[in-house]
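Take a look at the structure, then follow along.

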Amino acid sequence: LRVSVAARPLSLLQPTSARQLPHCRRAASSAAPAAAASLEELLQQHRIAPSAPLAADALGRLPSRLAFLQGLGVPDAAVAAVVRRNPSVLSTEPQALSPGLDYLLSLGVADLGGSVRRAPDLLGCSVRRDLGLKVAILQSLGVRDIARYLSRNPRLVSIDVERQMRPAVELLSSIPELEVGRVLEQLPTVGLNAEAIAPRIEYYRSLGVPRLGRFLSRHPPLLAYSLEANVQPKVAWLKEQGFGDVPTLLSRNPSLLSMPVEASLAPKLALLLGPLGRQIGDIEHFPRILNYSVEHLTLRHDFLAAAGKAGAHGLTRTYRSSPHTFATKLAKRSLDEFEAFVARRASTRGPHRRAADAFLARYEGEGAKDDQRRAAVAAARSRLDGLLEAARSRLD
């Protein structure tokens, strides 16, 4: 995991040394009993144990530290947990706590409060020697959307590079054809837990899934599914239905293991083998047929049946053809006839969304999300600048 941080345009900030809080001295508390009582009330108000390590002059600074956390967006109910897991936030100036937050904003992470709540060590962390190094490692492995990764797993800051990252990365990298970056992007937490993913990798290998790396890369959640409660029962069910080569079936459609049997796989299989007149071999040839909805399967079959072409074409051509090809080449009808058929069906079963419309809606939705994220980052930046300015004013 030797990665040159300087080789990447990360805009890394200067490291901040970790600070440990001295414990309150009994002499200080006995010299000012009224202040201690007020301090205790303030701690209790935020559900912070009075025994937490605090500097002798903590009373004067405590309100501003708590206000800083709340200003970041840390919920009141979570303040105590943040302080308990990182007591230095009560004695360290906000300017010394902010490099990690600045770095998150530079990467496009807007939810500072949520990130701090889940990973209090972000406050006061060294960017160049810690968080920035880990980000550089992830980028070198192929993780592209670092902002999304850190939003889902801000606890990266607490992960040890040698004891946790290295074993997981070496395990994943040892599998031919496996796209490590893609797996880590989709499994930001589990992907760096070698103890969690190793048994799953071994199971799929022992099952005999061909091209294991490609299999896992196509559907990374396979490394998070429960073997006992999910994967093994589905493998057994597929064998019971008559599928001869289940490992190859899964390699061609890994998402089968994400589908519930009773609510999805069983009804589709019954439809295909029953009214649609298909065979197990047809499904083994095109296992992605089980990804389509029952409504879609029925719609195209019924249109072909009305045209006298039921069963005349294989599953792949029937269900992967564009509407135009399906109507004019397979059913020997016009596209207008097929669209009218779809419209009539929609009047009784709900609207049918065309694939092109779904793609455009998804594309526009992603653009809107990007705009929202940029606006959220700008707002978070403004809020952090305001908090730091207020802290500087108090020091002056």
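This is a predicted model: local features need pLDDT of at least 70, side-chain atom pairs count only at pLDDT 80 or more; totals for chains, interfaces and linings use all residues.

Student: How much of the protein chain counts as buried?
Tutor: Buried means under 20% relative accessible area. The chain has 396 residues. The buried share of them is 44%.

Student: What share of the contacts in the protein chain comes from residues 24 or more positions apart?
Tutor: The count takes contacts with a separation of 6 or more. Of these, the share from residues 24 or more positions apart is 70%.

Student: How much of the accessible surface belongs to carbon and sulfur atoms?
Tutor: The accessible surface of the protein chain is about 20000 Å². The part belonging to carbon and sulfur atoms is 51%.

Student: Are α16 and α18 roughly parallel or roughly antiparallel?
Tutor: Helix α16 covers residues 261-273, and helix α18 covers residues 294-306. Their axes lie 10 Å apart, at an angle of about 15°. Angles under 35 degrees count as roughly parallel. So α16 and α18 are roughly parallel.

Student: Is the crossing of α16 and α18 left-handed or right-handed?
Tutor: Look at how α16 passes α18. The crossing is left-handed.

Student: Which residues of α18 meet α16?
Tutor: From α16 come K268, L271 and L272. By class, the contact has four nonpolar, one polar and one charged residues. On the α18 side, the residues are V294, L297 and T298.

Student: Is L271 buried or exposed?
Tutor: L271 lies in helix α16. L271 touches L276, V294, L297 and T298, leaving aside residues up to four places away in sequence. Its relative accessible area is 14%. Since the cut-off for buried is under 20%, L271 is buried.

Student: How far apart in space are L271 and T298?
Tutor: Along the sequence, L271 and T298 are 27 residues apart. In space, C-alpha to C-alpha, the distance is 8.3 Å.

Student: Are α18 and α20 roughly parallel or roughly antiparallel?
Tutor: The axes of α18 and α20 are 11 Å apart. The angle between them is about 25°. Therefore α18 and α20 are roughly parallel.

Student: Is the crossing of α18 and α20 left-handed or right-handed?
Tutor: R300, F303 and L304 in α18 meet P323, F326, A327 and L330 in α20. Their contact has six nonpolar, no polar and one charged residues. As α18 passes α20, the crossing is right-handed.

Student: At what angle do α12 and α14 cross?
Tutor: Helix α12 spans residues 194-207, and helix α14 spans residues 227-240. Their axes come within 12 Å. The crossing angle is roughly 10°.

Student: Which residues of α14 make the contact with α12?
Tutor: The two helices are roughly parallel. From α12, the contact takes P199, R200, Y203, Y204 and L207. By class, it has seven nonpolar, one polar and one charged residues. From α14 come L227, V231, Q232 and V235.

Student: Is V235 buried or exposed?
Tutor: V235 sits in helix α14. V235 touches Y203, L207, V246 and L250, not counting residues up to four places away in sequence. Its relative accessibility is 3%, so V235 counts as buried.

Student: Is R65 buried or exposed?
Tutor: R65 is placed in helix α3, residues 58-72. Beyond residues up to four places away in sequence, R65 touches V89, L90, S91, T92, E93 and P94. With a relative accessible area of 4%, R65 is buried.

Student: What is the phi of E177?
Tutor: Most residues other than glycine have a negative phi. E177 is in the loop between α10 and α11. E177 is partly exposed, at 44% relative accessible area. Although E177 is not a glycine, its phi is positive, at about 75°.

Student: Is K332 buried or exposed?
Tutor: K332 lies in the loop between α20 and α21. K332 is not glycine, yet its phi is positive, near 60°. Its relative accessible area is 54%, so K332 is exposed.

Technical notes. Residues are numbered from 1 along each chain as its sequence is written. Side-chain values use heavy atoms; hydrogens and water are left out. Axes are lines fitted to C-alpha atoms, for helices over the stretch in contact, and angles run from 0 to 180 degrees between N-to-C directions. Helices (H or I, at least four residues) and strands (E, at least two) are DSSP runs, numbered from the N terminus. Angles under 35 degrees count as roughly parallel, over 145 as roughly antiparallel, 65 to 115 as roughly perpendicular and the rest as oblique. A crossing is left-handed if the near helix is turned anticlockwise from the far one by less than a right angle, and right-handed if clockwise. Contact means heavy atoms within 4.5 Å. Ala, Val, Leu, Ile, Met, Phe, Trp, Tyr, Cys and Pro count as nonpolar, Asp, Glu, Lys and Arg as charged, and the others, Gly among them, as polar. Buried means under 20% relative accessible area, exposed over 50%, partly exposed in between (1.4 Å probe, protein chains only). Accessible areas come from the Shrake-Rupley method with a 1.4 Å probe; for residues, only the protein chains shown count as cover.
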